[in-house]
Amino acid sequence: MASDRPVREAENRLEHFNADRERLLAEVERRVVARRVTEAKQGGSAALEDVLNDVAFSEIKRLEASRQKNGALDRWKDLSRRLMQMSEAEKEQELRDLVRYYGRDVVGNFDARVYKFATGIGPSLLNTLFSPTTAFRQGFGVLGNLDQRIHPDGEVALAHTCAERGTVIITPTHSSNMDSPAIGFALMRAGLPPTTYGAGKNLFTNPFISFFMRNLGAYRVDRRLRFELYKDVLKEYSTVLLEHGYHSLFFPGGTRCRSNIVEKHLKLGLLGTSVTAYKNLVREGAPNKRLYIVPATINYRLVLEAETLIDDYLAETGKSRYIITDDEFSRVGRIVEFFRKILAHEGSVVVRFGRPFDPFGNDITDDGESIDRAGRHVDPASFIRGANGEVSDDDQRDAEYTRALGRRLAAVYPKLTVFHSTHLVARAVYDEVCKRAGTRDIYRLMRLTLPPIQKADALAGIDRLRARLVETPAYGAEHPQFLDQATTDKLADGVRALSTFHTRIAVEDRGETLQVSDMKLLYYYQNRTAHIPPAGPAEAA
Amino acid sequence: MSRAETVGIVGAGRFGTALGSVLARANRRVILWSRDPEIVDAIQTQRRCPRLPDAPLPEPLVATADPRVLASEARFLVMAVSSTNVRERSRELGNYLDGSHIVVHAIGALATPNNERVSEVVALGLPTLKIGALAGPALPADLVAGEYASMVIASAFDEVVAEGRRLLNAPPVLRLYSSKDLAGVELASALAGAYTVALGLCDGLGMGVGPRAVLITRAVAEMARLSVAAGAEARTAAGLAGLGNMLVRATERSVDYQLGRRLADGVITADGQRTEGARAAIAGAELAKKLRVRMPVLTGVAAVLAGRAEPREAAALIGDTVAVEE
């Protein structure tokens with residue numbers, strides 16, 4: 001886990017980003033247009049007319065559904081009308097304009113001044129703003145140290161080696177919209193460079209967070225745009241960033257995990273661009289410019305949006321929403337509350353980094369060299385070479401490599417999971433409830449009137465869980481700062497957290513007993529341990 | 001001929017040699033790797049393999065005992081070794097391969113000692129991820145005799161399947177079909193051997209064509225159930241790797257079938273774990289238990305092989321004690 005190796009701050013390549021931006025955009029435009037024009041010459045559905053029609057149709061449909069009356073709709077209707085009369089040269093020009101338009105919509109920004117503010121006086125200021133009483137009591141200096149609140153650990157030294165040798169792609173689990181700032185701070189505290197990352201465009205509507213996102217390397221991903229050309233621009237942008245050495249961050253799970261279960265089925269998203277970027281580097285004669293995928297878990301004591309997320313997860317099948325815009329994150333007051341109540345707690349967020357992989361899912365040595373499953377050195381470039389050593393293009397092969405990488409990430413996440421008191425308490429209480437009800441089915445449990453749980457039973461359950469975590473490291477681990485915490489204190493701490501932050505109370509302390517007040521919220525927090533099977537008849541129900 | 005046009009075969013056993021013979025006769029360059037220098041010498045000097053002496057091995061086929069030569073001269077490799085050796089051979093060969101190689105195995109069994117699919121074992125030993133399986137009703141004797149045979153090649157990688165079909169198709173003798181259901185093809189191929197033992201047992205007991213037909217259809221249904229539980233496709237069981245393999249092996253030419261007959265005759269009892277089919281029966285029954293899949297025929301055969309049941313008791317299970325929906 002945590003390494004004693006001293007870590008000096010790695011180079012912040014994003015400082016060069018703004019100077020690079022036009023060149024990057026031009027490269028995206030050149031590649032996407034060239035590829036589309038080449039494909040169009042082969043005919044069929046790749047014809048430019050079909051590509052442009054797909055864009056116009058999708059945009060008209062989206063804008064009509066949103067009932068926006070800002071003239072944008074006319075632009076797409078006009079394109080749709082003109083399409084039949086356009087020459088091939090005009091279509092190519094239209095394609096070029098569109099690629100440029102979407103490229104500019106996507107592209108990020110990095111302002112070194114904002115970075116310095118965010119990583120320097122920012123945390124102090126935020127803490128002072130959000131927790132003035134504590135600030136005065138404990139002193140400004142203590143508050144400035146976010147180490148106590150956001151705690152990075154794990155394979156930090158190796159991630160640092162990789163960031164120096166090549167380009168890293170941080171791939172964390174995704175629970176909350178607070179993940180981006182949380183991991184941003186964690187990277188900084190770990191001496192790792194900041195990363196660029198794709199953030200849902202809806203997040204930029206939050207004035208508090210969008211200022212920082214805009215200026216700290218985030219690029220915008222508009223998930224409402226489902227047409228191929230937009231996805232093409234997005235993927236190419238990510239590819240070009242990686243090729244140019246910009247460290248990146250992807251959430252391979254896609255959107256926030258609604259259930260809080262450690263992600264198993266990854267959507268992979270832009271992760272596949274790591275194979276493409278490495279292939280391009282090898283083709284350009286730079287096989288030693290390596291790319292590394294760094295798995296990480298972000299482990300919150302309490303999750304800001306827990307209530308909305310679990311409600312959405314448990315909603316009737318098919319009604320859960322892909323993009324949620326009206327959750328706790330949309331309310332500045334709740335974010336303030338998050339900082340004041342959650343981040344005020346020592347070690348409330350743990351970001352644990354795992355051993356990196358290469359883009360093909362191979363492990364690496366401490367020097368960043370790829371090794372196969374038998375532990376032998378293997379040349380990563382060989383994975384994309386054909387019979388005669390030439391770099392070969394094969395989208396299906398590359399997608400399969402990415403799926404293999406995704407399986408490796410999904411397999412390693414449980415081991416990197418860090419359990420707070422909230423998770424252990426929720427699991428122990430949930431197990432007791434299930435045992436009494438004779439079922440682990442959440443929908444049945446939600447309909448039952450639940451009797452109180454004896455604290456002694458919950459304590460015994462927590463003890464069993466703690467013992468199993470020590471016995472089986474593959475399940476994850478307890479929070480490192482609280483390994484010696486007495487189980488009674490852990491129970492008290494967990495119950496306090498689960499009963500005070502959210503608008504609903506998950507579990508109440510009633511002296512000798514505990515009462516489950518909100519089964520859904522309890523379920524949400526216990527779900528973090530869902531990969532740990534019930535131990536036996538006592539818990540299996 | 002270039003590396004891209006060469007097929008490497010790992011193992012100069014009966015199937016490896018027969019496949020090499022068919023391909024070489026179709027003018028495909030083949031490099032056959034054997035760890036036994038005497039076999040390599042026999043092939044190079046006499047153009048015959050001692051393990052399958054009837055198979056002509058014309059000039060485009062060469063033999064080597066050096067895995068470096070195999071790895072450098074062929075990118076597409078077929079592993080044709082026994083399931084008991086596959087772990088060790090993969091690890092040995094892995095020292096010389098890289099991520100560009102394509103490896104398909106032709107092993108109709110589950111790997112010992114943990115009953116993994118062979119591709120899972122191969123993947124642990126080799127650096128390449130491009131792995132597939134080759135299976136189907138192609139007996140070595142038929143291939144050598146130039147009889148028409150078909151096999152299926154399966155992999156998650158389209159490139160593996162495409163290259164396999166390009167390099168291994170040798171009409172009119174050998175035709176390759178494709179599949180993406182790697183797990184299904186491997187399970188069906190392994191279990192077909194197990195059910196061949198059951199067919200030998202059935203015929204040895206003189207049970208007649210009716211029970212035989214029931215046995216075959218029950219076998220396909222059981223294979224399909226296990227495949228689905230293991231994340232594979234049900235229909236693969238009824239294809240070349242499953243049903244096709246079972247039908248072609250249900251003759252005296254198959255060692256699995258012979259084993260079943262000997263079990264029925266009481267010639268051997270509990271020591272019958274010597275064929276791939278016998279090993280697959282025991283491994284399959286364990287897998288079925290782990291995945292909680294009802295497989296009365298397979299577990300019956302495994303019980304006979306383990307000496308826990310008499311052949312007649314196992315035969316009674318063909319009728320299945322609980323009739324379920326087809």
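In which sense do β4(B) and strand β5 (residues 102–105) of chain B pair, and over how many bridges? The pairing is parallel and runs over four bridges. Within it, B:Val103 of β5(B) stands opposite B:Leu77. The model is predicted.

β4(B) also pairs with strand β1 (residues 6–10) of chain B. Four bridges join the two, and they run parallel. B:Val7 has its bridge partner in β4(B), namely B:Phe76.

## Side chains of β4

Strand β4 covers residues 76–79 of chain B. B:Phe76 and B:Val78 point one way. B:Leu77 and B:Met79 point the other way. All are buried. In a regular strand, side chains alternate between the two faces of the sheet.

## Helices α4 and α5

Helix α4 (residues 86–94) and helix α5 (residues 118–125), both of chain B, meet with their axes within 7 Å. The axes cross at roughly 30 degrees. Angles under 35 degrees count as roughly parallel, so α4(B) and α5(B) are roughly parallel to each other. The crossing of α4(B) past α5(B) is right-handed.

From α4(B), the contact draws on B:Val86, B:Arg87, B:Ser90, B:Arg91 and B:Gly94. α5(B) supplies B:Val118, B:Val121, B:Val122 and B:Gly125. By class, four residues in this contact are nonpolar, three polar and two charged.

Notes: Residues are numbered from 1 along each chain as its sequence is written. Chains are lettered from A and ligands numbered from 1 in the order in which they are written. This is a predicted model: local features need pLDDT of at least 70, side-chain atom pairs count only at pLDDT 80 or more; totals for chains, interfaces and linings use all residues. Axes are lines fitted to C-alpha atoms, for helices over the stretch in contact, and angles run from 0 to 180 degrees between N-to-C directions. Angles under 35 degrees count as roughly parallel, over 145 as roughly antiparallel, 65 to 115 as roughly perpendicular and the rest as oblique. A crossing is left-handed if the near helix is turned anticlockwise from the far one by less than a right angle, and right-handed if clockwise. Two residues are in contact if their C-beta atoms, placed from the backbone, lie within 7 Å. Ala, Val, Leu, Ile, Met, Phe, Trp, Tyr, Cys and Pro count as nonpolar, Asp, Glu, Lys and Arg as charged, and the others, Gly among them, as polar. A residue is buried if 20 or more other C-beta atoms lie within 10 Å of its own, exposed if 12 or fewer, and partly exposed in between; C-beta atoms are placed from the backbone. Two strands pair if DSSP finds at least two bridges between them.
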